Amino acid sequence: MKDITRIIVVLTLTCVVCALFLALVSSVTAERIKDNATKNNNDAITALAPLAQRVEKTVVDSQTLYKLFDRQENLIGYAFLAQGQGYAGTIKIVAVLDSGLSTLEGIKVVESVETPGLGGRIVESFFDSQFKGLSVLPAIIALKDNPSKKNEIKTITGATISSRSVVAILNKRIETIRKALQ
Amino acid sequence: MTNLVLLFISTVLINNLVLVNFLGICPFLGVSGKLESAFGMGAAVTFVMTLATTLSWLIYHLVLDKFDILFLQYVVFILVIASLVQIVEMFVRKFSPALYQALGIYLPLITTNCAILGAALFMVSKNYGFLESVIFGFSGGVGFSLVLMIMAGIREELKFADIPKAFQGAALTLITAGLLALIFVGFSGLVSA
Amino acid sequence: MNKIIKGLWAEHPIFRQLLGMCPTLAVTTTAVNGISMGCAVIFVLTFSSLVVSLIKKIVPNQVRIAVYTVIIATFVTVVDIVFKAYFPAISKSLGPYIPLIVVNCIILGRCEAFASKHDVKSSLIDALSMGLGFTWGLLVLSSIREVLGFGTIFGLTVMPKGYDPLVVMILPAGAFITLGFLVAIMAKLEKR
């Protein structure tokens, strides 16, 4: 009987001490972890829309949409965070649309767990630069060959699924934004 | 329904836990010598993995997420798995001595099988729903068993091959696994996300 | 001295004992990832060994594995949180393989086989030796894969311009095959 008590006491103590320790570490760093994500997204928006001077937050379809204004307070575009399923896990993309909702100013994949060397290359500039100035009317199409139309991009060799996922995630989100704003 | 079938196929063949995510390599190298023991290990892992992902999903969404104590996630998951293995072992020993004879010796090894914890963590990071998580756990186990048995089959044949001394044992097993992984890359177009 | 060499060569955790295979294979796509994982493991291994060695007398035998596991999981969570807060980029590229250190057999193995039976000082030396051994193993494997698979090392281009990267080295298959050859080379060296 004494053994049992000792086992229970030691196990409980270990768990309590560990839990308290973790609660402490986590509370110290929680703010910073949150800041990292926000900073990452803000940096991406600034890089994609260098002219934006003021950002106004709105909510579209329960997700945040940022209205971007230039120095003269003209609306120059919209920035948003889109996310969805890729090949290996969730992909998060920051994208900027022009004020007419018809052309992408650019995109930046801010989070992905795609296979390094293949799907992971969606974060590289040779891929995301294709979206700069890309027409989103009609919806973006991903091709294995070189694109010929304004709304087409070329998928990464060996990573068709990841490339298509990026396009699908963007198309879906852009459509909801357009429906909500028009 | 179609979704779940596709999830099953993709978890078994395309995103195989062993060959793509490198989970469960230790038993993969250790127990793949004989087809019979590979089957036993595979069955035990499938059983525990299905239960573990189911239970972890419930705990994650009903307890950890609700009370905002996600930082305890790893501690809780590993405790869930360890106790699950214990309970399953006691249960099987009591109610099915035959099954215990077949799986018994593999059960204690499962706690430190990273495939189980891995499956639970992937389930969270991929935001699966409840039913998806159950299927994911089950198909993860099936995929593990499939690869383990293929490997065991190959290694039983390799016993008769004349292999340079340095390559005998683990080295050859790893290289064979590499070739197997290359073959499985061929499945990657099977289901598009 | 022998105690330090042990983990670095004679009982090398990766090449000799084949422990901790899952992070070894999974994160070694780039040298930076390899080093980061190595540091994370050294941290967890050292602190877990320290605590286990300190409390070895008060832990009842029947639940020692459970207690060790909780301690390890706690330190792993600390590493995970610290990486998320201060090295977000590394945290993202190592992904789920940080939490998977919990079930890395090196750590539980050393706690159970060594730290639970020895005093604090030798446990710390053992942990550091094994941890450093693990890290140099990761570094070798990840350097080979990064150079052949991306043509770079620590992100710096080292291969000539016309070099066409061998994507297979970055794929899982490349990890298995490279490690297989390294294990064979180590076996050959041992026999001399």
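**From one residue to the interfaces**

Author: Asp98(A) is found in strand E4 of chain A, which covers residues 90-98. The model is a predicted one.

Reader: Is Asp98(A) buried, exposed or partly exposed?

Author: The count of surrounding C-beta atoms decides. A residue is buried with 20 or more others within 10 Å and exposed with 12 or fewer. Asp98(A) has 17 within 10 Å and is therefore partly exposed.

Reader: Which residues does Asp98(A) contact, leaving aside its neighbours within four places in sequence?

Author: Asp98(A) is then in contact with Gly77(A), Thr103(A) and Glu105(A). As for a distance across the chain, the C-alpha atoms of Asp98(A) and Glu31(A) are separated by 33 Å, the two residues being 67 apart along the chain.

Reader: How is a pair of packed helices described?

Author: Two packed helices are described by the angle between their axes and by the distance between those axes. In chain B, helix H3 (residues 35-64) and helix H4 (residues 73-95) pack at about 140 degrees, and their axes are 10 Å apart.

Reader: At what angle do helices H3 and H4 of chain C pack?

Author: Helix H3 (residues 31-55) and helix H4 (residues 64-86) of chain C pack at about 140 degrees, with axes 9 Å apart. H3(C) and H4(C) cross in a right-handed sense. Among the residues that meet are Phe43(C), Phe47(C) and Ser48(C) in H3(C), and Tyr68(C), Ile72(C) and Phe75(C) in H4(C). This contact comprises 12 nonpolar residues, one polar and no charged.

Reader: How many helices and strands does chain C have?

Author: Chain C has eight helices and two strands, in the sequence pattern α-α-α-α-α-α-α-β-β-α.

Reader: What does the radius of gyration say of chain C?

Author: The value is set against that of a compact globule with 192 residues, which would be near 16 Å; chain C has 17 Å, which agrees. Along its principal axes, the C-alpha trace of chain C spans about 65 × 45 × 25 Å. Of the 192 residues, 54% count as buried. Among contacts between residues at least 6 apart in sequence, 75% join residues at least 24 apart.

Reader: How many residues of chain B are in contact with chain C?

Author: In this interface, 33 residues of chain B are in contact with 31 of chain C. H9(B) gives the most to the chain B side, with 10 residues. That side divides into 28 nonpolar, five polar and no charged residues.

Reader: How many residues of chain B are in contact with chain A?

Author: Eight residues of chain B are in contact with 12 of chain A. The chain B side here has four nonpolar, three polar and one charged.

Key:
Residues numbered from 1 in each chain as written. Chains lettered and ligands numbered in written order. Predicted model: local features only at pLDDT ≥ 70, side-chain atom pairs only at ≥ 80, totals over all residues. Contact = placed C-beta atoms within 7 Å. Nonpolar A, V, L, I, M, F, W, Y, C, P; charged D, E, K, R; others polar. Axes fitted to C-alpha atoms, helices over the stretch in contact; angles between N-to-C directions. Helix = DSSP H or I, 4+ residues; strand = E, 2+ residues; numbered from the N terminus. Rg over C-alpha atoms; globule rule 2.2 N^0.38 Å. Left-handed = near helix turned anticlockwise from the far one by under 90°.
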